[in-house]
2 protein chains.
Amino acid sequence: MPKIVLLGTGNVAHHLFQALGNQIIQVYGRNAENLNKFSSKTDTTSSTKFLRKADLYLLAVSDDAISDVSKQLSTVDGIVAHTSGSVSILALKSKRKAVFYPLQTFTEGRKLDFSNIPICLEAESEEDYRTLTELGESISKSVHRINSSQRKTLHLAAVFANNFNNHLFQISKELCEKENFDFNLLKPLIQETANKIDVMNPVDAQTGPAKRNDIQTMQQHLDGLENPRHKKIYQVISESIRKSYEEKL
Amino acid sequence: MPKIVLLGTGNVAHHLFQALGNQIIQVYGRNAENLNKFSSKTDTTSSTKFLRKADLYLLAVSDDAISDVSKQLSTVDGIVAHTSGSVSILALKSKRKAVFYPLQTFTEGRKLDFSNIPICLEAESEEDYRTLTELGESISKSVHRINSSQRKTLHLAAVFANNFNNHLFQISKELCEKENFDFNLLKPLIQETANKIDVMNPVDAQTGPAKRNDIQTMQQHLDGLENPRHKKIYQVISESIRKSYEEKL
């Protein structure tokens with residue numbers, strides 16, 4: 001197993017540390033407070049001058065910082081892998097470039113079972129790809145070779161399935177609060193919505209007024225929405241549902 | 001426990017029959033093929049003339065048909081309850097009007113655990129409300145008094161949390177298929193998105209480029225979307241996410 005230096009101290013870094021803790025010999029970070037959270041568990045540094053020699057430098061930094069941080073790794077001999085869904089492998093300025101992208105939403109304080117999280121890998125050499133595959137398979141049953149262009153699409157699909165869904169939960173919760181319901185009333189429905197697609201195609205799972213083109217109910221719903229942004233979302237998604245079933249007729 | 005005549009033979013009727021089978025003495029439906037699916041289990045009829053005398057007539061028909069079907073029940077002495085999220089109790093033309101709305105998405109062939117499904121009740125008399133509460137509590141731990149106006153908001157919140165989310169899953173799946181990924185790659189993410197809101201507020205669970213106002217990634221995503229309806233959805237939801245965090249600053 002490779003010796004790893006982890007660069008970054010945010011959510012992704014914390015979750016990767018949980019999964020790969022045994023192999024991580026050092027954590028680098030510029031924010032002293034965040035870095036301090038790792039200091040009882042491993043060696044830490046706030047300067048790239050003091051980075052230790054490792055087989056793999058894992059960058060769990062923000063997308064914007066990947067290029068800059070990797071410039072400071074331009075002379076290291078180990079593999080340099082970023083962990084982002086939307087950044088090309090070519091953004092790295094190191095000698096050996098790679099990507100180690102865990103496809104999951106990482107939130108502070110959540111414990112995650114890494115064994116089900118897809119790890120999407122990319123590397124410039126077959127040798128580095130094999131090293132990362134072995135590392136990925138040591139923590140997950142789901143390891144995949146995905147190139148930069150495919151990864152961008154996967155990240156986009158993840159934005160729809162995760163970020164946008166979560167925003168719809170937020171709108172749903174605001175509506176409940178306006179009428180003094182407990183948002184918990186909707187949780188069995190939300191759980192079933194997610195579970196259902198395990199066994200059926202979302203196209204076949206669709207129900208509701210937009211699919212039926214039930215204009216009266218949709219108008220009532222629009223009248224019930226006060227926030228113009230929520231009205232707009234209601235309109236464009238309903239229209240998209242309606243059209244996608246119309247096309248299937 | 002009340003004796004029930006169930007009117008309707010669709011998904012909701014099938015699921016209610018699963019839950020309330022012991023009390024259902026007759027099923028009414030106009031579609032002979034659908035009605036036939038119930039005939040080995042209980043008495044069935046395709047004419048309202050032959051409806052049996054019951055304590056409760058449960059209407060699991062389409063929203064548009066509620067008023068018409070209830071007209072044919074204008075002389076019965078039992079409670080007449082519809083099961084819709086978006087129709088007022090006053091749409092019923094019967095003597096004793098009520099609503100028995102199970103807040104869940106019902107899909108053919110899915111087995112559901114009714115014990116967690118919220119049952120939203122409304123009745124014109126306290127006596128009928130008590131009868132329906134007792135019936136609801138015999139199948140679910142989650143029984144609630146909700147008036148017609150509140151129920152409309154709840155249904156609207158459910159459209160965001162279920163119908164719209166499911167459509168986003170569909171878009172996400174189409175994106176995966178375009179690049180020949182298996183949509184299954186996204187399922188751990190989808191599951192975590194739904195699980196996370198059990199322990200945290202969706203506002204705090206939000207991540208992604210729109211929250212960070214990461215214009216470069218959003219522009220890349222828009223360029224990656226071919227379907228103009230998907231572009232539009234991307235834009236309006238991203239804008240809504242961005243604005244809702246801007247307002248919190």
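Predicted model: local features only at pLDDT ≥ 70, side-chain atom pairs only at ≥ 80, totals over all residues.
Biologist: What makes chain A and chain B a pair related by a two-fold axis?

Modeller: Chain B can be laid on chain A by a turn of 180° and a shift of 0.0 Å along the axis, with an RMSD of 0.0 Å. That is the relation of a two-fold axis. In chain B, the C-alpha nearest the axis belongs to N165(B), at 2.8 Å.

Biologist: How do you know that the same surface serves both copies?

Modeller: Of the contact residues of chain B, 100% recur in chain A. The contact involves 89 residues of chain B and 89 residues of chain A.

Biologist: How much area is buried between chain B and chain A?

Modeller: About 8500 Å², and carbon and sulfur atoms give 63% of it. On the side of chain B, F160(B), L185(B) and R229(B) lose the most area to chain A, together 8% of what that side buries.

Biologist: Why is the pair D63(A) and R212(B) called a salt bridge?

Modeller: A salt bridge needs a side-chain nitrogen of Lys or Arg within 4 Å of a carboxyl oxygen of Asp or Glu. In D63(A) and R212(B), the closest N and O atoms are 3.9 Å apart, so the pair meets that limit. The rule finds 4 salt bridges across the interface of chain B and chain A. It also finds 32 residue pairs in polar contact there, counting pairs with both residues at pLDDT 80 or more.

Biologist: Which helix gives the largest share of the side of chain B that touches chain A?

Modeller: That is α5(B), with 26 residues. By class, the side of chain B that touches chain A has 40 nonpolar, 33 polar and 16 charged residues.

Biologist: Why is T153(A) called buried?

Modeller: Its relative accessibility is 10%, and buried means under 20%, so T153(A) counts as buried. This residue lies in helix α5 (residues 148-178) of chain A. Leaving out residues up to four places away in sequence, T153(A) touches L175(B), E179(B) and F181(B).

Biologist: What makes the link between T153(A) and E179(B) a polar contact?

Modeller: The limit for a pair of N or O atoms is 3.5 Å. The side chains of T153(A) and E179(B) are joined at 3.0 Å, so the distance falls within that limit.

Biologist: Is N180(B) buried or exposed, and how do you know?

Modeller: Exposed means over 50%, and N180(B) has 72% relative accessibility, so it counts as exposed. N180(B) is found in the loop between α5 and α6 of chain B. Its C-alpha atom and that of K97(B), 83 residues apart along the chain, are separated by 53 Å.

Biologist: Why is helix α6 of chain A said to be largely enclosed by the rest of the structure?

Modeller: In helix α6 (residues 187-196) of chain A, 7 of the 10 residues are buried, so the helix is largely enclosed. Among the buried residues of α6(A) are L189(A), I190(A) and A194(A). The buried residues of α6(A) pack against α5 and α7 (202-205) of chain A, and against α5 and α6 of chain B.

Biologist: What makes T83(A) a buried residue?

Modeller: T83(A) has 9% relative accessibility, under the 20% cut-off, so it counts as buried. T83(A) lies in the loop between β5 (79-82) and β6 (96-102) of chain A. The side chain of T83(A) reaches the backbone oxygen of L59(A) at 2.9 Å. Beyond four places away in sequence, T83(A) touches residues including V12(A), L16(A) and F100(A).

Key
Residues numbered from 1 in each chain as written. Chains lettered and ligands numbered in written order. Heavy atoms only, no water. Contact = heavy atoms within 4.5 Å. Buried area = accessible area lost by both parts, 1.4 Å probe. Polar contact = N/O pair within 3.5 Å; in protein donor to acceptor, adjacent residues only side chain to side chain. Helix = DSSP H or I, 4+ residues; strand = E, 2+ residues; numbered from the N terminus. Nonpolar A, V, L, I, M, F, W, Y, C, P; charged D, E, K, R; others polar. Buried < 20%, exposed > 50% of the residue type's maximum accessible area, 1.4 Å probe, protein only. Least-squares fit on C-alpha atoms with pLDDT ≥ 70 in both.
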